[in-house]
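Here's a quick walk through a protein model for anyone meeting it for the very first time. Have a look at the picture, then read on.

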Amino acid sequence: MTVIGYVHHQLKGAATAACAVAISVLVAYGVRDAPEEDYGFWQAFGGASAMGVLAGLVSVCPLKWVGEVSSYKSAHPLAESDAVPSRNVDLRRDLLAGRLLALITAPTLIVSFWFPWFALAPLISAVDRLMQAGHAARWERKHGVVLWWGQVKGRPFAGNRLQYSSAPRT
């Protein structure tokens, strides 16, 4: 059974998307020799940030078919309470998801050679995941549980799903 803390999972995705933005912007604007005052870049930055906030607000809304809150409520209990991994994972040591970074960066770089503002597209995901992590952390604290993201033991082909365990009293 492989599980990871849900908040850690979201923070890891946000950091990976932010790195994809940094790599894409450096390459796209480095190749095109961007002017010193590129107002289009800042408009695209503001637009991508606003879209990320909008996506984050939609994902944390309590509506059943749109938001993540309903999936928190329908999480399954973690099968073995003895197998709960430690929550004291050093995020600096396990910050990036390598395959996800490649999956996000490659198409972004390809498109950003023609449209350099597209290098900011992963910013939408970064802001959205940051908002989801903050909301999940608040939800965990409010309900006294820890959310885990991973495979259910005995069902390897069921895919990843949310599970919960009781929060340690610290």
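## The whole chain

The protein chain exposes about 10,600 Å², and carbon and sulfur atoms supply 62% of that area. Keep in mind that this is a predicted model. Of the chain's 170 residues, 35% count as buried.

How many helices and strands does the secondary structure come to? There are 5 helices and 4 strands, and along the sequence they follow the pattern β-α-α-α-β-α-α-β-β. As for contacts between residues at least 6 apart in sequence, 72% of them join residues at least 24 apart.

## Helix 4 and what covers it

Helix 4 runs over residues 98-112. Its 15 residues should span 21 Å at 1.5 Å a residue, and since the end C-alpha atoms are 21 Å apart, the two values agree.

Which residues of helix 4 are buried? They are Leu-101, Ile-104, Thr-105, Thr-108, Leu-109 and Ser-112. Their cover includes helix 1 (6-32) and helix 5.

## Ser-24, a spot in helix 1

Now zoom in on Ser-24, which sits in helix 1. Its relative accessibility is 0%, so Ser-24 counts as buried. The side chain of Ser-24 reaches the backbone oxygen of Ala-20 at 2.8 Å.

Leaving aside residues up to four places away in sequence, Ser-24 touches Tyr-29, Thr-105, Thr-108, Leu-109, Ser-112 and Ala-119. Thr-105, Thr-108, Leu-109 and Ser-112 turn up among the buried residues of helix 4 too.

## Helix 5

Helix 5 covers residues 122-143, 22 residues in total. From its first C-alpha to its last, helix 5 reaches 31 Å, close to the 32 Å expected at 1.5 Å a residue.

Quite a list of residues is buried here: Pro-122, Leu-123, Ala-126, Val-127, Asp-128, Gln-132, Ala-133, His-135, Ala-136, Trp-139 and Glu-140.

## The second largest pocket

Rolling a probe the size of a water molecule over the atoms shows where empty space is left. In this model, the second largest pocket has a volume of about 220 Å³. It is lined by 12 residues, and the closest to its centre are Ile-4, His-9, Lys-12, Ala-97 and Trp-149.

Which element gives the largest share of that lining? Helix 1 does, with 3 residues. Strand 1 (3-5), helix 1 and strand 3 (145-151) each supply at least two lining residues.

Definitions and conventions
Residues numbered from 1 in each chain as written. Predicted model: local features only at pLDDT ≥ 70, side-chain atom pairs only at ≥ 80, totals over all residues. Heavy atoms only, no water. Expected span 1.5 Å × (residues − 1). Buried < 20%, exposed > 50% of the residue type's maximum accessible area, 1.4 Å probe, protein only. Contact = heavy atoms within 4.5 Å. Polar contact = N/O pair within 3.5 Å; in protein donor to acceptor, adjacent residues only side chain to side chain. Areas by Shrake-Rupley, 256 points an atom, 1.4 Å probe, with all protein chains shown as cover. 1 Å grid on protein atoms, 1.4 Å probe; cavity = no way out; pocket = protein on both sides within 12 Å on 5 of 7 lines; lining within 4 Å. Points joined across faces, edges and corners; volume = space filled by probe spheres on them.
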